[in-house]
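Please look over the chain shown below.

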Amino acid sequence: GIRPLLTARVHSNRVKKRFQFRQRRVAARMRAERGEVEERPLPQLRFEPRVTPEFMLSNGWTPPPAELPQDLPFAVHRTSKGQSIPVYSEFRNGGTRVLTQVRRCEGDVNMLAKEMSIICGHEPVHIKNGRLEVKGN
């Protein structure tokens with residue numbers, strides 16, 4: 001028999017979702033390059049951000065500040081290898097439940113949990129041994 005030039009291919013839902021996610025990410029990158037990025041105002045925090053990074057790499061990494069603020073009741077220390085901020089996404093229940101973890105916290109973790117809750121849209125922040133967990137990504 002003769003094979004048709006174009007064969008119809010049925011994609012799985014997973015492939016469709018990946019393609020749609022890639023399209024959204026490319027569109028967001030294009031908006032950012034054109035300067036059309038809308039900035040959300042931060043909610044009122046008790047401890048305002050004080051350090052503005054000199055520059056930021058494409059993956060979000062910024063160099064550590066020259067001096068750390070000493071008057072804060074809490075601290076999140078960078079990792080020794082790579083000097084990254086220890087914020088991780090954890091996927092549980094087969095990827096249906098997403099948690100964001102902040103590790104290497106020290107000091108008044110209850111105050112840090114309150115500040116994190118404000119930034120994360122008043123989601124409850126769970127204090128675990130050596131880390132804070134909040135629902136979402």
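What percentage of the 137 residues in the chain is made up of buried residues? Buried residues make up 17% of them, where buried means under 20% relative accessible area, exposed over 50% and partly exposed in between, with a 1.4 Å probe and protein chains only. This is a predicted model, in which local features need pLDDT of at least 70 and side-chain atom pairs count only at pLDDT 80 or more, while totals for chains, interfaces and linings use all residues. Residues are numbered from 1 along each chain as its sequence is written, and side-chain values use heavy atoms, with hydrogens and water left out.

The chain holds two helices and six strands, taken as DSSP runs numbered from the N terminus (helices: H or I, at least four residues; strands: E, at least two). Along the sequence their pattern is α-β-β-β-β-α-β-β. Of the contacts between residues at least 6 apart in sequence, 47% join residues at least 24 apart; contact means heavy atoms within 4.5 Å.

Now take the loop between β1 (74-76) and β2 (87-92), where T79 is placed. T79 counts as buried because its relative accessibility is 13%. Apart from its neighbours within four places in sequence, T79 is in contact with S84, P86, Y88 and R104. The T79 side chain also reaches the backbone oxygen of K81, at 3.2 Å.

I85 also lies in the loop between β1 and β2.

Definitions and conventions
Polar contact = N/O pair within 3.5 Å; in protein donor to acceptor, adjacent residues only side chain to side chain.
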